[in-house]
Amino acid sequence: MSSQFTPMLDGLTRQRGVSAALIASEQDGIVVDSSLQIGQSGDRVAALAASLYRKARLSARAAHLGAVSFMQLEAPNGRLCAVGAGPLVLIVVANVAANVGLIRVEMLRAAAELPTLANGSAA
Amino acid sequence: MVDDVSRLSDELARDPASLVFVPLGEVLRRKGQLDLALRVAVRGLERHPHLADGHDLLARIAVDRGELQRAFDEWDMVLRLVDGHAGALRGMGFICFQQGRLAEAEQYLSAAAAADPGDERIRQALANVRAARGQEVPEHDGDVPGVDETQGAFTEHAPVVAPDFSHDSRFLFADVLSDMDQTALLLDRDGLVLGGAYLDHEGNDVAQEVGAELSGVTDAARRATRFLALGDWSSIVFETEVAVVAMAPSPDDGLLVLATSRSTPLGLVRRLLDRCSGCAARWLGERAA
């Protein structure tokens with residue numbers, strides 16, 4: 001079943017090295033929509049990524065650093081990227097072969113569209 | 001930026017006496033190619049030994065290489081060539097701050113602010129130093145022996161006896177950080193501050209508040225990477241409107257947090273994070289011993 005977020009998420013998962021793209025609520029980490037490879041479970045990824053992003057945002061607020069845009073967690077076998085858009089977080093899981101610069105640009109562009117898409121959903 | 005390097009290198013090759021070595025060295029420095037930037041700067045200064053901008057470039061390269069005394073000497077040369085050079089005064093203030101010579105740092109930065117009142121970075125740096133001095137020397141002016149404040153420390157460099165801050169954990173990363181707008185913090189597993197400081201743009205130390213908000217990051221990162229089979233996490237980097245914040249795991253489930261300005265190249269942020277991690281590990285090891 002497709003939603004208004006599906007083209008955006010599919011566009012992200014078409015990037016080289018990206019294995020999952022999700023939209024989740026930043027507050028509770030509940031998945032709003034996702035594009036996952038077969039066999040993946042998005043619920044826990046969304047919860048953990050949203051939690052990390054929320055902590056980053058709150059720490060930035062405590063340090064008066066302004067709004068957080070792009071966040072990435074790096075590990076030897078891949079990375080977890082997140083971009084906030086109001087109450088939502090756009091999350092991408094990628095392997096080490098991914099071009100993180102390109103993913104960053106695409107995520108920031110997609111996040112800018114998220115509020116409009118979300119409002120369309122509410123209407 | 002690659003195009004800039006290519007274009008400037010071509011220009012320098014065509015005319016080795018050109019002053020283009022200054023922007024070329026700066027581009028290389030920003031790319032993190034410090035050895036190459038150093039060679040370009042040194043060769044340029046061989047032809048133009050009295051060029052203040054060349055010495056200023058060499059000083060900034062030295063800072064990035066962690067050679068603070070060399071940087072100080074180069075900025076000293078800049079001041080001899082151009083009296084009241086704001087960049088040199090700011091740089092010398094930064095070095096004094098990193099070395100815990102707060103009274104001198106304030107003098108340099110006050111002079112820099114007077115020379116360039118519109119520079120917001122200098123104003124913030126001065127606020128940071130004054131805040132640090134307020135916390136460190138609340139009962140007197142904190143004059144540093146050997147420095148005549150009425151003359152200004154930059155007109156005559158008398159021998160200075162710097163206060164010893166080696167026992168103060170807030171200065172844990174002083175030898176590693178290479179700019180006034182960099183700050184680093186070491187947290188334990190509960191988000192409590194172990195060392196370092198986290199200064200906001202007004203010079204307030206908000207380390208406790210930042211630590212509280214970041215409590216649990218190490219655990220969440222570990223669970224996420226384990227679930228996704230990504231291996232042990234090595235860093236978390238996030239960008240804000242004015243800063244880049246990088247975090248790395250530290251011993252005993254602790255967390256190292258480094259904040260730099262948005263203008264800091266990401267490669268340099270990673271290098272700084274590695275150096276801060278090494279510094280934190282050594283310090284924790286010494287405390288455990």
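**Exercise 1. Find how many salt bridges the rule gives across the interface of chain B and chain A.**

Step 1. Apply the criterion: a side-chain nitrogen of Lys or Arg within 4 Å of a carboxyl oxygen of Asp or Glu.
Step 2. The rule finds two salt bridges across this interface.
Step 3. B:Arg270 and A:Glu74 meet in a salt bridge, at 2.9 Å from N to O.

This is a predicted model: local features need pLDDT of at least 70, side-chain atom pairs pLDDT 80 or more, while totals for chains, interfaces and linings use all residues. Residues are numbered from 1 along each chain as written, chains are lettered from A and ligands numbered from 1 in written order, and side-chain values use heavy atoms, without hydrogens and water.

**Exercise 2. Describe the area that chain B and chain A bury.**

Step 1. Take the accessible area (1.4 Å probe) that two parts lose on being put together, summed over both.
Step 2. The two chains bury about 2,800 Å², 64% of it on carbon and sulfur atoms.
Step 3. On the chain B side, B:Phe227, B:Leu230 and B:Glu239 lose the most area to chain A, together 23% of what that side buries.
Step 4. Count contacts (heavy atoms within 4.5 Å): chain B gives 36 residues and chain A gives 32.

**Exercise 3. Classify the packing of helix 2 and helix 4 of chain B.**

Step 1. Helices are DSSP runs (H or I, at least four residues), numbered from the N terminus.
Step 2. The axes of helix 2 (residues 21–30) and helix 4 (residues 52–64) of chain B come within 10 Å and cross at roughly 15 degrees. Axes are lines fitted to C-alpha atoms over the stretch in contact, and angles run from 0 to 180 degrees between N-to-C directions.
Step 3. Angles under 35 degrees count as roughly parallel, so helix 2 and helix 4 of chain B are roughly parallel.

Conventions: Helix = DSSP H or I, 4+ residues; strand = E, 2+ residues; numbered from the N terminus. Parallel < 35°, antiparallel > 145°, perpendicular 65-115°, else oblique.
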